[in-house]
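The following note is meant for a colleague who is meeting this structure for the first time. Please read the points in order, with the model open alongside.

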Amino acid sequence: KTETKKETKKETQTETSTSSDAQPHDAVDDALVRKLFVGDDADFQAIVDNIENKEVMSKWWKDLDHNGNGIVSLSEIHKFVRDKGWEVSDPALMEAYKYATARGDDFVQKREFPRLCKGLVYMNRLWTMFDEVDTSDDRRVTLEEFTAFFKKIGYPLTSEAAQTAFDSMDKNDGGAVLFGEFGRYMAKIVSPANVDFDDEEGGVNDAKEEPKKEEP
């Protein structure tokens, strides 16, 4: 098999409802979040199409691990993504890196590479969503912005539902939610079992396995 060529990037737009009679919902619906979270993103279609292609993934890993020591750093990942021409925001790349290294140390090993690739796709999609919610462009989301976003897409929330969802993200009660908190909340709604990259969350991080260095 050969590497699937990346298609021209398409701008992803959140669908908005034209109905003004939408009734407030009493919870954030997982089906809606799944639709937003797993929306079409042609810019990353190459990753999606090749994630199970061992030949392509092996080639990508060799490009990434240029010195052949079996582990790669954040700076190496950043260079690799830039060289591939993948348009990944810096916040999304950082969260993907945290996601990939959650089960070990601060380096991504070969066996963690597919996890990194998946993280790059999903975190970048989440960043696009977060950036749309963050209308003040300060990289923080307030309760008002969060509530307004769901109203904009035709899925208004009751004040109680909005507050409950916001409190679930705002773990430190700071009154504003950062991208990492937003991403973990949205990802948990879609796939709870896969959200294990936050040191403050329970699960795999309570007992990290000893990292093993991959053979070149």
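1. Overall make-up. The chain holds nine helices and two strands, where helices (H or I, at least four residues) and strands (E, at least two) are DSSP runs numbered from the N terminus. Starting at the N terminus, the order of the elements is α-α-α-β-α-α-β-α-α-α-α.

2. Basis of the values. This is a predicted model, in which local features need pLDDT of at least 70 and side-chain atom pairs count only at pLDDT 80 or more, while totals for chains, interfaces and linings use all residues. Residues are numbered from 1 along each chain as its sequence is written, and side-chain values use heavy atoms, with hydrogens and water left out.

3. Burial and surface. Of the 216 residues in the chain, 44% are buried, a term that stands for under 20% relative accessible area, with exposed meaning over 50% and partly exposed in between (1.4 Å probe, protein chains only). The accessible surface of the chain amounts to about 12100 Å², and carbon and sulfur atoms account for 47% of it; such areas come from the Shrake-Rupley method with a 1.4 Å probe, and for residues only the protein chains shown count as cover.

4. Contacts along the chain. Among the contacts in the chain with a separation of 6 or more, 66% are between residues 24 or more positions apart, contact being taken as heavy atoms within 4.5 Å.

5. The nonpolar core. Which residues touch the most other members of the largest nonpolar core? They are Phe 146 and Phe 150, in a core of 51 residues, where a nonpolar core is a set of buried Ala, Val, Leu, Ile, Met, Phe, Trp, Tyr and Cys residues joined through side-chain atoms within 4.5 Å. At least two residues of this core come from each of α1 (30–37), α3, α4 (74–84), α5 (90–100), α6, α7 (143–152), α8 (159–169) and α9 (179–190), and α6 gives the most, with 11 residues. In soluble globular proteins, nonpolar side chains tend to be buried together. Setting aside neighbours within four places in sequence, Phe 150 is in contact with Val 28, Leu 32, Tyr 155, Pro 156, Leu 157 and Met 186.

6. Packing of α3 against α6. Helix α3 (residues 54–64) and helix α6 (residues 113–133) pack with their axes 11 Å apart and at an angle of about 90°. The axes are lines fitted to C-alpha atoms, for helices over the stretch in contact, and angles run from 0 to 180 degrees between N-to-C directions. The two helices α3 and α6 are therefore roughly perpendicular to each other, a label used for angles of 65 to 115 degrees. At this contact, Met 57, Trp 60, Trp 61 and Leu 64 of α3 meet Phe 113, Pro 114, Leu 116 and Cys 117 of α6. Classed by type, the contact of α3 with α6 has eight nonpolar, no polar and no charged residues; here Ala, Val, Leu, Ile, Met, Phe, Trp, Tyr, Cys and Pro count as nonpolar, Asp, Glu, Lys and Arg as charged, and the others, Gly among them, as polar.

7. The loop between α6 and α7. Asp 137 lies in this loop and has a positive phi of about 55° although it is not a glycine; Asp 137 is exposed, with a relative accessible area of 60%. Arg 139 also lies in the loop between α6 and α7, and, leaving aside neighbours within four places in sequence, Arg 139 is in contact with Pro 91, Trp 127, Phe 130, Asp 134, Val 177 and Leu 178.

8. Two further aspartates. Asp 173, in the loop between α8 and α9, has a positive phi of about 55° although it is not a glycine, and Asp 173 counts as exposed at 65% relative accessibility. Asp 26, in the segment before α1, counts as exposed at 68% relative accessibility. Not counting residues up to four places away in sequence, Asp 26 touches Thr 158 and Ala 161.

Definitions and conventions: Parallel < 35°, antiparallel > 145°, perpendicular 65-115°, else oblique.
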